[in-house]
Amino acid sequence: MSVVPSSLLPASAVPAFRGRIGRDVHSGHYAVPHRYRLHVAPSGPGCLGIALTHGLLGLDDTLPLTVLPDTPDTPDGGYAALRPLYEASAHLYDGPASAPVLSDGWTGRIVTTHVPDILRDLALRFRGDGPDLLPEEHRAEIDAVADLCERSVNRAAQRAGELGLDDEAAHHEPLGVLFAALDSLEDRLARRPYVLGDGPTLADVHVWITLVQLDTVHRWHLDAAAMDRVADHPALWAYAQRLAARPEFARHLDIDAVLRRHRAHCRGREAAGAGIRIVDWSAAPR
């Protein structure tokens, strides 16, 4: 495992614990039932994606999941319950004890806090008899979908909101990126039930979590005209609603918690699109 010293990171960054789960006993960390534990706060998108993947793989009996409060409970934005793990894993650690965490019960230390690595290791090392969420022939495409979701949907929507609505020219470019990404996903889902075909993969985890964020968080900073264009992707939002009806997707989704977390961190201004909700996420089964 590697720890990036806080002195080498931007002030806003959290030191990255980047251990990996290997193939066998020679790798140090290897998949053993009940050895590890996941600590997540599903009100955040990364943690929600991990909890969703954990559910899709049916890992309740082999990899315990600890669900933390929706908002951090320490002044530095971390969790008191995670502080012993962080302090045991890095000498004189003084940053926030944030989620997610994959911890090792044998050593009492953190394996990793890195969301993409956790998702990959769940799919590759802890899968068991669960579905293949990271098929080898689609790994590059899954990475591309994840990048599209992060850069062209989440960051573009965030950027458009930060630029405000007073200067049409300023937020036109990120909105164009956002709509192009949604068009691309719409085209995929108009032809197949899941992003890559007939069954769910990690691509669906990335897309579904992104749609949750877009419809519950980013909409607060986009005007009504922009949200009308966002909503004008019928296959995409039908897909979101259909997956929300699956218990594995809905189990850890708490829209009120997502919004509480957003309001605790957001310094943007509410826009005219705030009252528009495309999917009734609260109707999803628990």
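Start with a pair of helices: helix 6 and helix 10 cross in a right-handed way (left-handed is when the near helix is turned anticlockwise from the far one by less than a right angle, right-handed when clockwise). Helices here are DSSP runs of H or I with at least four residues, strands are E runs of at least two, and both are numbered from the N terminus. Keep in mind that this is a predicted model, where local features need pLDDT of at least 70, side-chain atom pairs count only at pLDDT 80 or more, and totals for chains, interfaces and linings use all residues. Residues are numbered from 1 along each chain as its sequence is written, and side-chain values use heavy atoms, with hydrogens and water left out.

Two packed helices are described by the angle between their axes and the distance between the axes. For helix 6 (residues 202–216) and helix 10 (residues 255–265), the axes come within 11 Å and cross at roughly 65 degrees. That makes helix 6 roughly perpendicular to helix 10. The axes are lines fitted to C-alpha atoms, for helices over the stretch in contact, with angles running from 0 to 180 degrees between N-to-C directions. As for the labels, angles under 35 degrees count as roughly parallel, over 145 as roughly antiparallel, 65 to 115 as roughly perpendicular and the rest as oblique.

Who meets whom? On the helix 6 side there are Val212, Gln213 and Thr216, and they meet Ile255, Val258 and Leu259 of helix 10; contact means heavy atoms within 4.5 Å. The residues of this contact split into four nonpolar, two polar and no charged (Ala, Val, Leu, Ile, Met, Phe, Trp, Tyr, Cys and Pro are nonpolar, Asp, Glu, Lys and Arg charged, and the others, Gly among them, polar).

Helix 10 also holds His262. His262 is buried, since its relative accessible area is 15%; buried means under 20%, exposed over 50% and partly exposed in between, with a 1.4 Å probe and protein chains only. Setting aside neighbours within four places in sequence, His262 touches Val217, Trp220 and His221.

Helix 6 has another partner in helix 1 (residues 45–56): their axes come within 10 Å and cross at roughly 135 degrees. The two are therefore oblique to each other, and the crossing is right-handed. Helix 1 brings Pro45, Leu48, Gly49, Leu52, Thr53 and Leu56, while helix 6 brings Leu202, Val205, Trp208, Ile209 and Gln213. By class, that contact has eight nonpolar, three polar and no charged residues.

Now for the rings. Phe, Tyr and Trp rings (the six-membered one for Trp) pair if their centres lie within 6.5 Å, with planes under 30 degrees apart called stacked, over 60 edge-to-face and the rest tilted. The count comes to seven aromatic pairs. In one of them, Phe17 and Tyr86 have ring centres 5.4 Å apart and planes at 90 degrees, so the pair is edge-to-face. Phe17 sits in the segment before strand 1 (36–40) and Tyr86 in helix 2 (residues 83–89), so the pair ties together parts 69 residues apart in sequence. Phe17 counts as buried at 0% relative accessibility, and Tyr86 counts as buried at 0% too. Ring pairs also link Phe17, Tyr86 and Tyr93 into a cluster.

Stepping back, the protein chain has ten helices and four strands, and 49% of its 286 residues are buried.
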